[in-house]
Amino acid sequence: MTDYPQMEPRRAAQEPPESREQEIELGTLWNGVRRRLPVILLATGIIGAGVYALSRGQPDVFEATASLVTTGNSNNLGSGRDSVVTASPLPEGALQEALNGPTVLGRIITGLRDTTRIPQELRTELADDLQRELQLREVKTLQLQNQLDFNGNGIYSVTARAGSSVAAKFLADLSAQALLDWDRGRALNGLERASQSLQAQLAEIDRQLAGGAQSDLERQTLVASRASLQRTLAQVDIQAKGATGSLELVSPAVEPLERVAPKPTRNAILAGLLTLLIGAGLAALRTVTDRTARSEDDLLNFGLPTLGSVPKLRRRDVVFSGIVRAARQAGLYEALGFLRVNLLTRIGTPMGQRIMISSTAPGEGKSSLTATLADTLANSGLRVLIIDADMRRGTQQDVWDKYESSHKWLQLSGDGGARTLQEALRAPQNVQVIEAEPGVHVLPAGPGLQDSMGLLNRAPLLIAT
């Protein structure tokens, strides 16, 4: 029997079954979360503080972004632009693959190692990180984003992350320039192949002219072809100087003023909220799966009647006055009297009736209920013998020592003999008990005993009353 909060007597009969069941479930869920709320809040505070301290210890990270524009599939306008060799439009995803590849990324790594604008330690660290990301094919220091229309026209943004604002700006500009050079190199590759082909043709004509075995007509034809190839080769060299890619620089990177990471306050808040949600969820799940009866409504599911509802005593009153006096001062006479009447109605009042008080866990009020119920039964004129059968952590002697420090021992059976339950189980012929108050006698459990099954399996304790 445990201490349950008092319930309104006719609520169940006044409310519809469906709404009553829903209210009970929500109330039970909230009570389960509320009981574990101090632990949840403590864990939230500890984890939030830990994440904050961990974030504060991480190195600073700055971001800088450079922007490139692409003309995609649009046609060049104007005779001046028509004479300029331009690289073909980039297919979707090509620029990202180029940035992750060894050609562009290798040029960026080389530029980092050769620069003097960044401290030696930082540029070495950045170069090593990029080299490792290149080998893993997972580049995180550089990010490429695009905003393109259906024609392929739009903006590419190259974002670089580094440990200082200067390094972030330099790395973003270096990456953008590496992409521009790679894109222009696509146009130069075609011109270079054309130049090599023309030079091979010129070499063949020179070889034939040097042979001298041609007729005058053939020689004139070779000379005219050679002049035409030279003019074409000169045009190719001129076009190579003006060759351009499909990308142009729109905006170079700007040195950032604030870091983007770490953000200890934000991280701590997010970690705290996540811990709070997880803790509340686990507490709710534990409550749903918990079969412990904590209210009168819980007992209805088992078909068990409620004999009484006793409010909890304040811990301060118990500490200063003891359980028995605290119960009297707290005005529990009516609640305990109601319990006594219902109990005696069920078991009757013949001599030798036995009542066992137990619970599923320690600290649920067994000792308090036992002492206060014995006190109210004695006040009604009955004689009560309390047998403390908790031989691991017996508490009844401490409870009544708080009520009266000096006790009188009465002979219960035989002459002298046992003064604890442990001794009485070994020698039940001679037993003495404490007279805690008029009408209340106590047989203490004795010193703590871990293995009590051997004694409990002995012959039953026969007590003459």
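The model is predicted, and its protein chain has 18 helices and eight strands. Of the chain's 465 residues, 35% count as buried. If you look at contacts between residues at least 6 apart in sequence, 73% of them join residues at least 24 apart.

**The H6/H7 pair**

- Helix H6 covers residues 102-114 and helix H7 covers residues 120-136; they pack at an angle of about 165 degrees, with their axes 9 Å apart.
- Angles over 145 degrees count as roughly antiparallel, so that's the label H6 and H7 get relative to each other.
- As for handedness, H6 passes H7 in a left-handed crossing.
- On the H6 side, the contact is made by Pro102, Leu105, Ile108, Ile109, Leu112 and Arg113.
- H7 brings Arg123, Leu126, Ala127, Asp128, Leu130, Gln131 and Leu134 to that contact.

**Thr44 in H3**

- Thr44 sits in helix H3, which spans residues 37-56.
- Thr44 has 15% relative accessibility, so it counts as buried, the cut-off being under 20%.
- A polar atom of the Thr44 side chain lies 2.8 Å from the backbone oxygen of Ile40.
- Setting aside its neighbours within four places in sequence, Thr44 is in contact with Gly272, Thr275 and Leu276.

Note on methods:
Residues are numbered from 1 along each chain as its sequence is written. This is a predicted model: local features need pLDDT of at least 70, side-chain atom pairs count only at pLDDT 80 or more; totals for chains, interfaces and linings use all residues. Side-chain values use heavy atoms; hydrogens and water are left out. Axes are lines fitted to C-alpha atoms, for helices over the stretch in contact, and angles run from 0 to 180 degrees between N-to-C directions. Helices (H or I, at least four residues) and strands (E, at least two) are DSSP runs, numbered from the N terminus. Angles under 35 degrees count as roughly parallel, over 145 as roughly antiparallel, 65 to 115 as roughly perpendicular and the rest as oblique. A crossing is left-handed if the near helix is turned anticlockwise from the far one by less than a right angle, and right-handed if clockwise. Contact means heavy atoms within 4.5 Å. Buried means under 20% relative accessible area, exposed over 50%, partly exposed in between (1.4 Å probe, protein chains only). A polar contact is a pair of N or O atoms within 3.5 Å; within protein, one must be able to donate a hydrogen and the other to accept it, and residues adjacent in sequence count only if both atoms are side-chain atoms.
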